[in-house]
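I opened my notebook today to look up a few residues and the charged pairs around them.

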Amino acid sequence: MPEPEPEKPFEVWEENWPAVQLFLRCQTQWRTSMGGVTGLCYESVISTAKLYSVEDLPSVFEDLQIMEITAMAEMNKEKK
């Protein structure tokens, strides 16, 4: 089995940091079906956001949904 490539560093703009943090904190909250990943469990996302006192949750949630769509496309790529 080949060694995985080392991760390359990347930059996160300051205004996107709250969404990245929330996304990482919810990394085990994916809903799945026989067809693959269907999305994040929003109830868990909102509970986690409240637990960590995320400010401006509607805006952060919109950013998180963009990350969610992109992540789902990558995760479900292997299913095809």
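I began with R31, which is partly exposed at 40% relative accessibility. For this label I used relative accessible area: under 20% is buried, over 50% is exposed, and partly exposed lies in between, with a 1.4 Å probe and protein chains only. I kept in mind that this is a predicted model, where local features need pLDDT of at least 70, side-chain atom pairs count only at pLDDT 80 or more, and totals for chains, interfaces and linings use all residues. Residues are numbered from 1 along each chain as its sequence is written, and side-chain values use heavy atoms, with hydrogens and water left out.

**Charged pairs**

Which residue does R31 meet in a salt bridge? I found E43 there, with 3.0 Å from N to O. A salt bridge here is a side-chain nitrogen of Lys or Arg within 4 Å of a carboxyl oxygen of Asp or Glu. E43 sits in helix α2 (residues 42-51) and R31 in strand β1 (residues 30-33), so this pair ties together parts that are 12 residues apart in sequence. I took helices (H or I, at least four residues) and strands (E, at least two) as DSSP runs, numbered from the N terminus. I also noted the general idea: side chains of opposite charge can pair when their charged atoms come close.

How many salt bridges does a search of the whole structure find? I got 2. K77 and E74 also form one, again with 3.0 Å from N to O. Both K77 and E74 belong to helix α3, 3 residues apart, which is about one turn of the helix. I looked up their accessibility too: K77 is exposed at 51%, while E74 is partly exposed at 46%.

Next I went to A71, which is in helix α3 (residues 57-77). Is A71 buried or exposed? A71 is buried, at 17% relative accessible area. Setting aside neighbours within four places in sequence, I saw A71 in contact (heavy atoms within 4.5 Å) with F23 and W30. I also checked V37, 34 residues from A71 along the chain, and their C-alpha atoms are 9.3 Å apart.

Without counting residues up to four places away in sequence, F23 touches W30, L64, M67, E68 and A71. My last entry is for F23 and T48: they are 25 residues apart in sequence, and 9.9 Å separates them in space, C-alpha to C-alpha.
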